[in-house]
Amino acid sequence: MTYYLILAFFPFLLFLINLLSFTPLSSEILIISFDKFLPNDTGVLVKNLVVQTLQSKSETLLIVGMLGSLWAASKGISAIIKCLNKAYGIKENRNFIKLNLIAIISTIGITIMIILSFFMIVFGQIIGTYVFGLVGATLLFNIIWSFLRYCIPLMTMFTTFSLIYRYVPNIKLKFNTVIVGTIFTTVGWIATSLLFSFYVNNFSNYQKVYGSLGGIIALISWLYGSTLIILIGGELNAINRYFQSKEKIEKYDSFKLSIPLVQAPKVIRRE
């Protein structure tokens, strides 16, 4: 799963940067914003790719990046399907077309989540200033928008993960059985990313050990940790469903025991 995420990361980044190059938004804001979310070694690697891509502004790279990330990410979703089925102890019996269709739809959903979260966090200030400036609500912008620009990506992530956990495994699930893993994955992924970035920037220097590959190693470590968070969330959902099913069975058994047995009247035969 991590392997395919690594393959999907750079094509998706190419697609996202090329998409940005066709808009009037400034590329400098994008480059500066990477420092907030990525370790320094990885940030340098991504910044170089951003600068090169923005200079080219190629429609071909836009299409290639979109198709490459879609293919690699769909393979990663297929790996998630296998892992979640294993967590629930079930076998996959859906046909090839349906399975790949689920993987592609899930990939598109995650892509929309990433793009929306990215633009809201990085360009939220610019978007909010423009939108609220049209109606002249500057005070309202300062109070509400500073809160919404982070709540919207959070709710988008929560919705996307809940849909994946509910519909991707080969089993019918209700929302209340996947909410535990969804909350864990949403909060855990954000917390893990921030803590990992803080750790790499302050306590660990990958360049001293791996040289010029330090940025790549840091990126691989972050993607590996992200996959673990997603899979642990799936395991928590499976455990939650098990205990809910067990509780229902125990309630049903206790209900049956509480009902008095009505014995049929004895028939006395006369000879």
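Biologist: Okay, helices (H or I, at least four residues) and strands (E, at least two) are DSSP runs, numbered from the N terminus. So which helix is T227 found in?
Modeller: T227 is found in helix α10. This is a predicted model, where local features need pLDDT of at least 70, side-chain atom pairs count only at pLDDT 80 or more, and totals for chains, interfaces and linings use all residues. Residues are numbered from 1 along each chain as its sequence is written, and side-chain values use heavy atoms, with hydrogens and water left out.
Biologist: Is T227 buried or exposed?
Modeller: T227 is buried, at 3% relative accessible area. The cut-offs are under 20% for buried, over 50% for exposed and partly exposed in between (1.4 Å probe, protein chains only).
Biologist: And what does T227 touch?
Modeller: Leaving out residues up to four places away in sequence, T227 touches M1, T2 and L5. A contact means heavy atoms within 4.5 Å.
Biologist: Switching to the largest nonpolar core: which members touch the most others?
Modeller: I80, Y88, Y165, V168 and I230 do, out of 21 residues. Such a core is a set of buried Ala, Val, Leu, Ile, Met, Phe, Trp, Tyr and Cys residues joined through side-chain atoms within 4.5 Å.
Biologist: Which helices supply at least two residues each?
Modeller: Those are α4 (59–88), α5 (96–122), α7 (138–167) and α10 (214–258). The largest share, 7 residues, comes from α4.
Biologist: What does V168 touch?
Modeller: Not counting residues up to four places away in sequence, V168 touches I81, L84, R94, I102, S106 and L163. There's also a second, separate core of 9 residues, including F9, Y206, A218 and L223.
Biologist: You mentioned R94. What does the R94 side chain meet in a salt bridge?
Modeller: The side chain of E92, at 2.6 Å, N to O. A salt bridge needs a side-chain nitrogen of Lys or Arg within 4 Å of a carboxyl oxygen of Asp or Glu. R94 counts as buried at 13% relative accessibility, while E92 is partly exposed at 31%.
Biologist: How many salt bridges are in the whole structure?
Modeller: A search of the whole structure finds 1.
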